[in-house]
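Visitor: Could you walk me through this one? I'd like to start with the strands and then move to a helix.

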Amino acid sequence: MHRIVVVALPGVFPYELGIPARFFRAAHRDGEPLYSVTTCTLDGLPVPTNADFTVTPASDRSALDTADTIIVPPWSAAETSDDPIGLAEFGDRRIVSYCTGAFTVAASGLLDGKEATTHWCSSDEFVRRFPLVRMREDELFVDTGRVLTAAGASAAVDATMHLIANDFGAAVAATVSQVTLAAPHRGGGQRQFVARPAVASSPTVGSASDIQTWLISRIDEPLSLTDVADRFGMSVRTLTRRFRAETGRTVGDWFADARVDRARELLETTDLLVDDVASRSGFATGAALRKHFRDRIGLAPQQYRSRFTQAA
């Protein structure tokens, strides 16, 4: 039996804390459980969650000595703390983090030189704190073999289903999927959930924000770089240089993202045909929208609509 130990640190997030027991304990073969799941705190005493209740563990950190897999859910101080668990001592075990638990694993040094992910809201801070780790901010989870990091909240379920399938095969994972009503695999990455960036409300004339505001107001028009440069009295070279200096991106790349964001909004809130969505968001054809949408979101427009639609 594969032994899993979940570490509850102060301010642990209850949702992610409960995922290992719910999903791993649902994995059986010939009626026999394939995992044991133990929850511990460092001293064996109850810890507060980030909700309005505390949790009482079954064990203290001594449970880690017998673990095959150690799971670190997110906890309140994860983004600002080091590694209170001492995970470096357990480098021969499989280490799994959910959401911002990745900060705790990275602080141990076990992710140095490896790829990882965390909740997209925290990815910039993660990159700042851990420059030796290669951030994959779009992924729902990243499995390096010895260490697995999952993105925020429900991505922990995706990572857990992946582990079950890797450990005991697709048939076992499919049974867990049926029992828990969870998808065995979700297409697309975190990009489908990322909030749309806002443009500054009072941009300086001729600044990147000013240009962005003007472009958004004409998002359905077939604008060229020359059109944009002429509007702001610049050469194309000056426009490109200034925009990149302020945003780190080209005008074309930013505008394509903005058009995809408009398409997302229309897919969520209307029942327009994909070709009409393409036209209203500045793409020449439905095929062009599908290509840009899949490149940036990881899903086809209709797949996105089926997940996120708010239309009646």
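Visitor: How do β7 and β8 pair, and over how many bridges?
Guide: In this predicted model, where local features need pLDDT of at least 70, side-chain atom pairs count only at pLDDT 80 or more and totals for chains, interfaces and linings use all residues, strand β8 (residues 94-98) and β7 run in the parallel sense and share four bridges. Two strands pair if DSSP finds at least two bridges between them, and strands are DSSP runs of E with at least two residues, helices runs of H or I with at least four, both numbered from the N terminus. Residues are numbered from 1 along each chain as its sequence is written, and side-chain values use heavy atoms, with hydrogens and water left out.

Visitor: Which residue of β8 is opposite V72?
Guide: V72 faces S97 in β8. Strand β1 (residues 2-7) also pairs with β7 in the parallel sense, over three bridges, with V5 opposite I70.

Visitor: And which way do the residues of β7 point?
Guide: In β7 (residues 69-72), T69 and I71 point one way while I70 and V72 point the other, and all are buried, that is, under 20% relative accessible area with a 1.4 Å probe on protein chains only, where exposed is over 50% and partly exposed lies in between.

Visitor: Switching to α5, which residues are buried there?
Guide: In helix α5 (residues 170-180) they are V172, A173, V176, S177 and T180. They lie on the same side of α5 because they cover an arc of only 145 degrees around the axis, taken from the directions from the helix axis to the C-beta atoms.

Visitor: What do they pack against?
Guide: The buried residues of α5 pack against α1 (14-24), β2 (28-29) and α4 (155-168), contact meaning heavy atoms within 4.5 Å.
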